[in-house]
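Trainee: I have just opened this one and would like to go through it with you. Could you look at it with me?

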Amino acid sequence: MTLSIRFFINAALLIILALVPFLTDWAGDSFYTGLVSRILILAIAALSLNLLIGYGGMVSFGHAAYIGVGAYVVGIGAFHAFEDGIDWMLNGYFQLFTTLAVSAVIALIIGAISLRTRGVYFIMITMAFSQMLYFTAVGVETYGADDGLTIYSRSDMMGLIDLNDEKSLYYLIFVSLLAVLYLMHRLVGSQFGNVIRGTKSNEARMRAIGYSPYKYRLTAFVIAGIIAGYAGFLMANLSDFVSPDMMHWTRSGDLIIMIVLGGIANLFGPLYGAVVFLMLGELLSSIPLTIGGLSVGEYWQLIFGPLLIFIVLYARNGIDSFLPGKGRRT
Amino acid sequence: MTAPDILVVDKLVKHYDGLLATDDLSLKVREGELHAIIGPNGAGKTTLIKQLTGEIASDSGSVLFGGKNIHRLSESERSHIGLARSFQITSLFKDFTVLENVILAVQAHKGHSFRFWKKVDQDRTLTDPALDILRRLKLEDRKDELVSALSHGEQRQLELAVALATEPKMLLLDEPMAGMSGEDSARLVGTLAELKTHYSILLIEHDMDAVFSLADRITVLVYGQAIATGTPDEIRENAEVRQAYLGEEA
C-alpha cells in the first residue's frame, strides 16, 4: 500500500488535533480547547450522518434530534440527581447506555417509517420527526421547556475518567472521533457498506440481483442515530447545558452543510467540513470591522452564505477538491 | 426426447391504463434452450421480462419456474431461485469499478450481508468468483476501471457479467446487443453461443442475424400476443409472421 499525499494531510490534521490542549496551554488561552471539543463532537455526528447521506443517499434532515436525545439523557439524569437526590441517575455508564438505547429505539421508529419514502418525501418526513422531538422538549416544563436545562453535574464515570477535567474530556472526545472514523472506514468497505453504497448507486439493479435493501438501510439509519446520540452525550458534558435548540431542524441543516462542505462520500470529509464550518463561523463573527454603524461580525452569515454557495458551485467535492491528492472514499 | 420446461408462462395479462401490454400470453421455455422473443417495437417484450422478474405485477395468469409458481415471490426472491435479468438500458453501479460491480452481485448470493467488518476487496470468497466471471467475459484486464471509463460495448458485456454473477439457472436477456457496433455484437454472439451451453436463456433481441443464428426456438410477439412459436426455420416460413413482422422489414 502506497501512502498518498492525502494520507499525510489527514495524519497532520489528526496530530494537530491530538495536541490541541497543549497548544492552547502554551498559548495561554483555554477557550480554544472548548471550541475544538465542540467541533470534534459535531464532526462525530456529521460522520455518522455521512453514512446515510454520502454513502447511502439517504438525506436525513433530522439528525440533530439524536444529539438532543443524548444530551437530554445526561441533562435529565443530572436534574434528578440534583433535585431529587437520585444519585444513580448521575452514573455515566447508566447515562451512556440509556443514550445509546434510546437513540437506537427512536432511530428504529423514525427509520422504519421514513425509509418507505424516497427523495424529497424522505427529507420532509425525517425533518418532521425531528421537529416533533424538538416541540416535545419545548413542551416539557419540568425540564426547562424552551429555556433548557443547566447541568450542574457532569456524568460520573466512576473514576475511570474525570469529565470535569477539560483535558480528559477533550481526549475522550478525540479518541471517540478516531474510533468513529475507523468504524466508518470498516463499515463502508464491508459487505454491509457495499449494500448501502450499491443501493445509493442503483436500487433497481440491487433488487434485480437479489437484494432487499430496506433492512440494510434501516440498520444504517439506526447505527447513525446511535453515534449521533453518543455525540449528544459528549455535547451535554462539554457545554453543561441542554436545550431544545440543539434539536432544531436548522441544527440538522448545519450537519448537512458540514458534509457537503467537506466533500460527500469521503471518509474524512465531515471532519474537514466541521472544522471549516465552525472555525469560519468563529473567525467571521469576530471580525472587528464596523461599516455604517453595523458590526460586520454580527452579520457574519452574510459573508458565510455566499462563501458556501461558491464552494458548492465551484467545488463539487467541497473542501476535498481543494486539497492535493485524492481523498479516501472508504 | 425433449428437455422438460424450465419456464411455463400461462395466460399472462398486463394492462396499462387501457393498453393491453401483455394479452393472454402463453409460452414455454425448455431447459437448456435458447428461446428468442422477437416482435416489433411496442409488442410488449420488455413488459414480459418485467413480469417474469417481478418488477411489475401481472393482472392475471401464472408463471411457473422449475415447476413452482413464482407469483408471490418478490423481485429479489426470484433472483435467489435462479432467474437473472440483464437490462435493455445498461443498469450498472456507475461509481463502482468493474470488479466491484460483479462482486456486489456475487455477494448477493452468499447469504446475508450483515457483515460489518471484513473488507470486501480482501475477501477471496467474493473476489475469486467475480474474477472468474470477468475472465469468461474478457473483461479481466479492465477490472479496476470505473464503469464510466468503459466503452458502450464493454458496458454491455459487464451488464451480462453482473447477471451471471448471481449464479442463475436461467437468463432473461433484454436486448443485450442494443446500440452495439457490428464488431461488438459479433463478439457478443460468440459469448452467448458459449453461455447457452450452461444456461437456459430467454433472449429478446432486434438483431435478426443474431437471433436466427443463436435461437433453438423463437416466439413472435405482436401486441402482447404470441402469434407463433417454432424453430428458426419454421418461423422464417410462417406466413402470419412474415406478414405481421418480417414482412415489414423486407
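Trainee: Which helix of chain B gives the most to the lining of the second largest cavity?

Mentor: Helix α5 (residues 152–164) of chain B does, with 3 residues. This is a predicted model, where local features need pLDDT of at least 70, side-chain atom pairs count only at pLDDT 80 or more, and totals for chains, interfaces and linings use all residues. Residues are numbered from 1 along each chain as its sequence is written, chains are lettered from A in the order in which they are written, and side-chain values use heavy atoms, with hydrogens and water left out.

Trainee: Which residues line that second largest cavity?

Mentor: Its lining is made of Ser86(B), Arg156(B), Glu159(B), Leu160(B), Pro176(B) and Leu188(B), and by class these divide into 3 nonpolar, 1 polar and 2 charged. A cavity here is a set of points on a 1 Å grid over the protein atoms alone where a 1.4 Å probe fits but cannot get out, and lining residues have an atom within 4 Å of a point.

Trainee: Changing topic, is Ile16(A) buried, exposed or partly exposed?

Mentor: Ile16(A), which is found in helix α1 (residues 5–27) of chain A, counts as partly exposed because its relative accessibility is 48%, where buried means under 20%, exposed over 50% and partly exposed in between, with a 1.4 Å probe and protein chains only.

Methods. On a 1 Å grid over the protein atoms alone, a cavity is a set of points where a 1.4 Å probe fits but cannot get out, and a pocket is an open set with protein on both sides within 12 Å along at least five of seven lines; lining residues have an atom within 4 Å of a point. Helices (H or I, at least four residues) and strands (E, at least two) are DSSP runs, numbered from the N terminus. Ala, Val, Leu, Ile, Met, Phe, Trp, Tyr, Cys and Pro count as nonpolar, Asp, Glu, Lys and Arg as charged, and the others, Gly among them, as polar.
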